Amino acid sequence: NNISRQLSTDSVSSLNSLSSACSASSSAQQSEADKKKKRGWVRPNISLRSSFSKAFSRSKKNRSNSLSDAEEAHIARNHQSAFLSDMSAPSSPMLNTPHANGLGFKNSHSSTTSLYDCERAEQDSSPEMVEQLRKQLREKDLVLTDIRLEALSSAHQLESLKDTVIKMRDEMLNLKQDNERLQKIVTNQSLQSSCSSLQSPPISNHTQSDEGTEALLPSLDSDAMLVQLNVFLGSHGSYNKYKENKTKTCIISSLPISPKSKWDMVDHLVVKGFKDYVERIDPTTKLGLCVDSIWSYHVEDIIRYISNTKEYKPPDKSPYECMTNGSNISICLKGAMHSGSLDALAFDTLIPKSILQRYVSLLSEHHRIILCGPSGTGKSYLSNKLSEFLVMKMGKECNSSTIVTFSVDETNNTNLQQYLSEISDQADSDSSQIPCVVILDNLHKALSLPDVFNGFQSPKCPYIIGTINQSTCSTTSLQLHHNFRWVLCANHMEPMKGFLGRHLRRKLIEHECRLGQRNAQLKRIVEWIPEVRNHLNQLLEIHSSSEVTLGPILFVSCPMDLETSQMWFSDLWNYSLVPYVMDMIREGIRLYGKRAAWKDPASFVIQSYPWSNAVHKTIETFIRIRPEDVGYDLEQDNDPLV
């Protein structure tokens, strides 16, 4: 018997290490396959596209390789046997015993078989997983499609609702406009029933005949009566003070009142009459006044506030019953007692509200202004009106203790300086005893203006309003050292430029309201007189200077009668205008020389003469100004070199 050779200790240890290495490699491959399988099943819903790519990548790989699964297993077994033979210890012989060979091949075969089974199971499960993922994708696609359809349906419903809301809004606007239109029609019909002949306000501009007169109201109901509409003249705006002081009023219109008239109709007529009046007085700026300028109107003891008439209960008596005893309607404008409003002052002075606002702002900021301009430009008149407004704005009465006027001349310069110093000292100790406003008239007659105001330095000093006929060299010193501000009053600038026309139109409207009729020829005369003044001022500016131009003071006395006004203008031209123009032009030619050809101003007067009943002899009575009367030499005028 052959004794079989047993394995040595080194051989046994090498076999154990080899088998452990093979089992480790097989277990590693098994765990890796399990991880791949778990990874494929755990996250199937993360990304459908990545799942499809993973599923189909394996099949593509199998098609691209030339070896089958069985061939790959056979090659793996061959490599494993070669590895076992190479890994034998050098001190041990090759393992040829059946026991040893059987153990090695059994372990390697079991590990390879387990790896193959895992890969096979994974490949068999891939088509089922893909089909399941496709089914899930179709279900989600159907859900998404349903959501999109619902969103489109909701958007369509929203658009239809928007269209419906817009149509309803348009219908509401149309209904509102129709309602306002119907209210206006009802109001107009009520006014027509109250006064059927009232087609427009009594003082509105409408087509007039050039000849004769025209009635303000051509036809009037037998029961209706004309009531005068007046406005109080003053700057404070207090009805009680107007009644106490018996303040003058200005007639602006005549309103028809009938037994059918109601108070809301009277409100409408009062507002309309005031608006048309200021538009006719000043077509350009309307004096800066509007409906908001009216504070209230009064009929005896009845007060109606235009701004909030709906908040007050109408009087028990009708308008017709309140006015049967000859009462008039009096308007009270907003004035100094209504938060310093300038509406009443603008209506009283016929100076636009914006210009008055500039004057009052200068006084409020600097307390000292000087009105500078030629004689006859209304400087004294404006200074008195501004003083009254400032005093009443302070809540005080206008008297000799609140407004002090000092007329300056060459003899009282010392007295003026002493008086101003006393006021300055008294202002520091007791300001309640000093006047509110000090008017210094004719400051150009003072010997030295800076010396006059040297002691007048207290910040509590009263308002100072000075007037001066011409600029002097001390004007800059007064402005720099005594905080005076200068206001230019010139005939070619507002407010004096348009003051004459506004004043004459006020007189014409009052005359028409008293007579109850309009006269087209008298209206042409009122518009023509300011044109004559402008023509003469242009002539004086050409041949002399703007400081000698004519102010409105000479023309404001024009009477509102055809025959009387014609005689008045003839006397004014021959005895006042012609002598003054001749003297000023003669003086201008002596100072500045002959600057333009001579044109007789009488030619303009004769060509544009507005009185239609003028006789040829009347026109011939106008004095003409010849060139030699003003210093022109006819022989030199014919010389082309001159």
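**Cores, sheet and helix packing in the predicted model**

C558 is buried, with a relative accessible area of 2%. The structure is a predicted model. C558 lies in the loop that links α15 (520-543) and α16. Beyond its neighbours within four places in sequence, C558 contacts L504, K507, I529, S565 and W568. V526 is 32 residues away from C558 in sequence, yet the two C-alpha atoms are 8.5 Å apart. Because buried means under 20% relative accessible area, the 2% computed for C558 places this residue in that class.

Nonpolar side chains tend to be buried together in soluble globular proteins. In this model, the largest nonpolar core comprises 106 residues. I329 and I331 have the most contacts inside it. Helix α16 (residues 562-592) supplies the largest share of this core, 10 residues. Residues up to four places away in sequence aside, I331 touches L229, N230, V231, F232, I252, V270, F274, I294, S296 and Y297.

Strand β2 (residues 225-232) runs antiparallel to β3, and eight bridges join the two. Within this pair, L226 stands opposite P256 of β3. Eight of the nine residues of strand β3 (residues 249-257) are buried, so β3 is largely enclosed by the rest of the structure.

A separate description applies to the parallel sheet. Five strands form this open sheet, in the order β8-β9-β10-β7-β11. Its edges are β8 (403-407) and β11 (485-488), each of which pairs on one side only. From one strand to the next, the twist averages 20°. Five bridges connect β8 with strand β9 (residues 437-441) in the parallel sense.

The crossing of α9 past α10 is right-handed. On the α9 side, the contact is made by L356, Y359, V360 and L363. On the α10 side, L382, L386, F389 and L390 take part. The residues of this contact are eight nonpolar, with no polar and no charged ones.

Technical notes
Residues are numbered from 1 along each chain as its sequence is written. This is a predicted model: local features need pLDDT of at least 70, side-chain atom pairs count only at pLDDT 80 or more; totals for chains, interfaces and linings use all residues. Side-chain values use heavy atoms; hydrogens and water are left out. A nonpolar core is a set of buried Ala, Val, Leu, Ile, Met, Phe, Trp, Tyr and Cys residues joined through side-chain atoms within 4.5 Å. Buried means under 20% relative accessible area, exposed over 50%, partly exposed in between (1.4 Å probe, protein chains only). Helices (H or I, at least four residues) and strands (E, at least two) are DSSP runs, numbered from the N terminus. Contact means heavy atoms within 4.5 Å. Two strands pair if DSSP finds at least two bridges between them. A crossing is left-handed if the near helix is turned anticlockwise from the far one by less than a right angle, and right-handed if clockwise. Ala, Val, Leu, Ile, Met, Phe, Trp, Tyr, Cys and Pro count as nonpolar, Asp, Glu, Lys and Arg as charged, and the others, Gly among them, as polar. Axes are lines fitted to C-alpha atoms, for helices over the stretch in contact, and angles run from 0 to 180 degrees between N-to-C directions.
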